[in-house]
Amino acid sequence: MRSSSLALWALNAACIAAVPSRHALDSRQQSGAKAFCSSSDGKYKLSTLDAPVKGAASPPAGASQWELSIDDTPAGRRQQITGFGAAVTDATVSVINSLSADQRAKLLKELMTSEGADFSLLRHTIGASDLSALPAYTYDDTDGNREDKDFQSFGLGDRGGAMADMLAEMKKLKPELTILGSPWAPPAWMQLDRKLMGGTEKNNLDHAYVDQYAQYFVKYIQAYAAKGAPIDAITLQNEPLNSQSGMPTMYVYADESGKLIRDNVGPALKQAGLKTSVWAYDHNTDQPSYPQTVLDTAKEYIDAVAWHCYATNNQWSVLSDFHAKNPDAAQYMTECWTSSKHTPWHQASSFTVGPLQNWAKGSLAWTLGTDTNDGPYLGGCDTCRGLVVVDTTAKTYSFSVDYYMMAQYSRYMPKGATVLAGTGSYTYPDSGVGIQSVATSNPDGTRTVVVENTFGNDIYLTLNTTAKGEQWSGKILANSVVTWVLP
Ligand SMILES: *[C@@H]1O[C@H](CO)[C@@H](O)[C@H](O)[C@H]1NC(C)=O
């Protein structure tokens with residue numbers, strides 16, 4: 001969808017008379033269109049803007065113009081939206097649970113309903129991740145990491161139980177919520193090095209325990225279901241190519257992952273009567289051969305491919321290439337960080353709009369909640385800031401800029417909406433600024449258009465639609481994300 005030629009005319013500011021036409025003002029009142037904005041400076045937080053008007057933009061002299069088009073004919077319909085959200089980690093659960101009952105209830109409602117971001121897709125960590133307090137744990141830890149073939153020591157424990165309870169509450173607030181679970185490592189006794197943390201040597205699954213490895217997923221899914229938190233999908237391993245010593249990780253080869261799904265995990269889920277699906281990979285876009293191998297090996301058990309954003313020179317077009325080869329495989333952006341120090345204001349918007357332009361059905365921030373020190377964490381990421389930041393001493397919470405940027409999508413692109421083809425998105429390679437946009441056709445007949453403006457100036461946007469040949473225009477504020485909802 002990125003088109004360089006289309007955008008070239010937008011380089012120079014157009015000089016057109018400033019007075020809005022009478023016709024434009026009238027249609028603004030009658031059109032039923034709406035606009036909402038969140039800005040980098042926090043001045044706008046899902047705030048209502050003047051609605052776009054019918055017709056071409058009529059900007060003040062010297063103002064910059066841009067043109068986009070969306071194809072809302074049947075030919076332009078692409079993937080369906082599953083949802084948007086973030087990762088529920090142990091850090092997330094502990095900081096949210098530190099709030100007073102009132103504040104906690106208010107926050108959960110803001111996250112999961114149209115009172116706030118209205119998230120409908122969440123990922124959660126199965127056992128400890130880097131965003132857990134010490135000690136690291138799984139749902140089947142044993143003294144000295146001795147084997148536990150019959151799962152005598154299986155249990156969610158305090159932290160797993162609290163996580164399942166919170167997901168169950170979220171599911172109650174949002175019954176159509178989709179939940180993905182990902183382990184950072186299986187129990188230490190199933191690993192060749194018999195260690196949960198420490199060491200990258202033999203940081204692999206011990207294949208003497210492939211049946212137990214599969215049963216571990218079955219038992220976890222059953223335990224969460226019993227608490228009211230149905231798990232819709234799992235990945236076998238968070239970042240299977242990322243073997244590290246300072247946090248729970250495990251290395252899984254591509255062909256190994258395919259065979260584990262085909263021969264062990266897939267059949268075990270099926271035999272247990274579970275509807276939970278398996279999403280392949282869960283790692284960066286620079287190794288697309290990994291999910292291809294997994295899909296080629298275990299296609300009958302796999303619904304989707306999960307991607308992260310951390311490749312050097314990350315290219316979301318990898319997802320479009322993957323779609324061309326595997327048109328039936330759904331795709332998701334399952335992890336990208338938002339940081340207190342290292343990511344730009346448009347981070348959450350950019351890791352959502354890019355994947356959506358390239359066939360992803362949803363996008364997930366890492367992570368949903370942290371304290372004011374970006375924790376608790378046991379290693380790994382020490383500057384990962386949650387979309388929600390909880391001051392655990394004052395017992396108050398606030399939303400990061402990333403929360404609002406994510407909500408510019410999640411609030412207005414409901415589950416079941418269909419992404420539309422479009423043209424005109426372009427980022428200048430030298431400056432890294434531009435306009436990126438994605439649109440959906442929604443179940444209620446409205447259309448949503450999200451526009452990310454990383455220019456330091458306002459942009460007067462004209463949008464063409466194919467089906468009715470409409471033009472809509474309006475102002476997109478500098479350094480902001482604006483969402484239009486068109487009738
Ligand atoms: C939008 O429509 C106008 C009028 O038909 C046309 O001149 C322009 O090229 C179109 N722009 C895009 C981006 O499709």
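Mentor: One definition to begin with: two residues are in contact if their C-beta atoms, placed from the backbone, lie within 7 Å. This is a predicted model, in which local features need pLDDT of at least 70 and side-chain atom pairs count only at pLDDT 80 or more, while totals for chains, interfaces and linings use all residues. Residues are numbered from 1 along each chain as its sequence is written.

Trainee: What share of the contacts with a separation of 6 or more comes from residues 24 or more positions apart?
Mentor: Such pairs account for 74% of those contacts in the chain.

Trainee: And what does the confidence look like, on average?
Mentor: The mean pLDDT (the predictor's confidence in each residue, from 0 to 100) is 94 for the chain, and 94% of the residues score at least 70. Among the elements, helix H1 (residues 4-7) has the lowest mean, 36, whereas E8 has the highest, 99. Over residues 1-29 the pLDDT is below 50, and this stretch has 40 contacts in the model beyond near neighbours in sequence.

Trainee: How many helices and strands are there?
Mentor: The chain has eleven helices and 23 strands, where helices (H or I, at least four residues) and strands (E, at least two) are DSSP runs numbered from the N terminus.

Trainee: Let's zoom in on H5: which of its residues are buried?
Mentor: Gly160, Met163, Ala164, Met166, Leu167 and Met170 are buried, a residue being buried if 20 or more other C-beta atoms, placed from the backbone, lie within 10 Å of its own, exposed if 12 or fewer, and partly exposed in between. Seen down the axis of H5, the buried residues fall within an arc of 165° (taken from the directions from the helix axis to the C-beta atoms), so they line one face of the helix.

Trainee: What do they pack against?
Mentor: Their partners include strand E6 (83-88), helix H3 (90-97), strand E8 (178-183) and helix H6 (210-226).

Trainee: And how much of the whole chain is buried?
Mentor: Buried residues make up 53% of the 487 residues.
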